[in-house]
Every structure is written in structure tokens, then in C-alpha cells.
Amino acid sequence: MKYYYTYTAFKQSNNLVSCSDNTAMERFVNKRCIKDARSPRKKIKLEGEERRKEEEEEDNEFSHPVPWQKIEAEGLDCDYALLFSKEEADHLFRQLEEEVVYSTGEEAKVQVFGKVHNIPRKLATYGDTGLTYSYSGVTRSACPWTATLEYIRDAVTKTTGQIFNFVLVNRYKDGQDHMGEHRDDEKELDPLCPIASVSLGATRDFIFRHRDARGKQSRRQIKPVKLDLVHGSLLLMNSPTNTFWYHSLPVRKKVFQPRINLTFRRILLDRKK
């Protein structure tokens with residue numbers, strides 16, 4: 001029997017003036033109170049607070065605050081949030097269906113343990129001009145960013161503060177399409193930059209498995225970590241997650257709807273050279 005860690009996804013005090021019954025004194029005090037309320041000092045203070053609020057809004061111009069859920073285990077550090085509303089996520093999904101051109105022929109294959117296999121999903125790569133990304137024995141060149149991919153990339157940047165120059169697009173037609181266990185630990189990836197995974201479409205479960213707890217020859221008993229990646233969500237895989245944990249998207253025969261996943265990365269040009 002397998003056990004999983006499962007995560008689901010989002011007196012103020014006043015100064016009192018003692019006044020007598022004398023009418024003149026009451027008028028004096030009332031005028032003084034009114035004058036204090038409109039004093040230049042208080043006006044300046046209010047204006048200062050307004051300026052600070054405006055400055056904070058300007059500082060947050062490139063931030064998109066969302067409620068984050070922290071997911072942690074030994075050597076695993078992830079953050080999960082709902083980035084897009086259902087309405088916006090629906091729109092983005094439709095746009096990507098029109099814009100993204102997926103690999104065909106030899107580019108739609110991958111090498112595993114020396115054998116070439118067809119990829120059990122559709123795949124495409126986009127990014128900055130001249131970038132390439134090598135994994136599983138295949139080197140892929142980046143197509144120019146589409147308008148929708150740029151929009152999503154910028155939304156992720158505003159939310160995380162991280163700059164990304166490459167994205168891997170995976171389209172799963174239904175629950176039969178899947179992704180085997182692997183780590184995103186290629187040398188050209190910036191180890192200080194998280195991998196940002198945006199999910200659109202059908203909800204799929206995403207499983208992390210520690211490298212020391214895989215297979216029949218596993219050395220340790222470490223429970224897998226399972227996440228449900230919902231429509232419009234963002235998952236950040238922070239360092240050192242991809243050093244110690246493999247991740248996969250298993251077959252789910254009861255899922256009949258398509259899903260598009262975007263994994264944004266930062267490729268280091270000096271390492272590629």
C-alpha cells in the first residue's frame with residue numbers, strides 16, 4: 001500500500017478637553033478642536049500618508065500578490081498558488097490552443113536509457129532568440145514568444161520577482177497522456193531560479209518521489225508527496241527540490257479533458273558556451 005502526503009488547492013483614543021458651563025469657554029474649546037482637526041500638521045501628515053500609499057502602489061506595479069501555500073519535505077521546497085481566475089484561465093487556454101505549434105517527427109521523440117520513444121504528449125519550446133535546451137538526449141531550439149506566452153510569463157514574473165527566458169509547453173489530450181519520473185536538473189538551468197509550472201485545463205495529480213525511495217532497491221522509506229494541480233494554478237519548484245526529488249504526471253484513465261502545462265525556466269548562456 002502506498003501512502004502520500006496530499007495537498008489540495010487558496011481604540012483609537014481621543015484627547016478630551018475639560019470645559020466649563022461657560023458659553024464663551026465652550027465656543028473657545030469648540031473652535032480650538034475644529035482648528036486642530038484642520039491644522040497644517042495634520043494636513044501634512046495625511047498628505048504624507050497618501051504619498052506613501054502612492055509610492056507603495058508604484059513599488060508594487062510589477063508585483064502580483066497571491067496567497068501562497070508552502071509545501072515542504074526533506075530536500076523539497078515548493079510554493080503553490082492560484083494565479084489566474086477561472087475566466088482568465090479559460091481564455092488563456094483557448095488562446096494557447098490557437099497559437100502554440102507542437103513538435104512533430106523526430107522532434108516529438110525522446111531518448112530514455114539509450115532507446116528512442118515517442119513522447120506520450122505534445123511538446124513545444126519557446127523562449128528568447130537563440131536559446132536551446134537539451135534533455136533526454138535531444139536539443140530543442142526556442143521558437144519566438146507568442147503574445148499569450150509572453151503575457152503568462154510576465155504574470156509569473158510579477159508574482160515571483162523572477163525573470164524567465166524559456167518555456168517548455170506540454171499538452172495532454174486526456175488522462176492517457178502522461179509524463180514519467182524525472183528531475184529538471186540540466187546544467188544550463190540557473191540553480192538559483194525556481195522552475196515555475198503553470199497549469200491550464202484538466203486537474204491532474206503531480207507526484208514527487210525522493211531519489212532514495214525509488215524502485216525496489218530503495219534505500220530509505222520516504223513518503224511521496226502528491227499535489228493536485230488545478231486550472232489556473234502556479235507551482236514553484238525551488239532549489240534544492242530537483243536535486244533530491246523526481247516528479248511525474250501519471251496516467252489517469254478517468255480524466256477525459258485536455259491539459260496544457262507551461263514550465264518556465266531561466267537558461268544560463270555562459271553555461272551553454
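**Entry 1: T125**

I located T125 in strand β6 (residues 122–127); strands (E, at least two residues) and helices (H or I, at least four) are DSSP runs numbered from the N terminus. The model is predicted, so local features need pLDDT of at least 70 and side-chain atom pairs count only at pLDDT 80 or more, while totals for chains, interfaces and linings use all residues. Residues are numbered from 1 along each chain as its sequence is written, and side-chain values use heavy atoms, with hydrogens and water left out.

I looked up the accessibility of T125 and found a relative accessible area of 6%, which is buried (under 20%; 1.4 Å probe, protein chains only). Its side chain reaches the backbone oxygen of S141 at 2.8 Å. I also listed the contacts of T125 (heavy atoms within 4.5 Å): beyond its neighbours within four places in sequence, they include S141, C143 and F166.

**Entry 2: Aromatic rings**

I searched the whole structure and found four aromatic pairs, counting rings of Phe, Tyr and Trp (its six-membered ring) with centres within 6.5 Å; planes under 30 degrees apart are stacked, over 60 edge-to-face and the rest tilted. W145 and F264 are stacked, at 6.4 Å centre to centre and 10 degrees between the planes. This pair links positions 119 residues apart, with W145 in the loop between β8 (138–141) and α4 (147–160) and F264 in strand β16 (residues 259–265). I noted W145 and F264 as buried. Ring pairs join W145, F164 and F264 into a cluster.

Conventions: Buried means under 20% relative accessible area, exposed over 50%, partly exposed in between (1.4 Å probe, protein chains only). A polar contact is a pair of N or O atoms within 3.5 Å; within protein, one must be able to donate a hydrogen and the other to accept it, and residues adjacent in sequence count only if both atoms are side-chain atoms.
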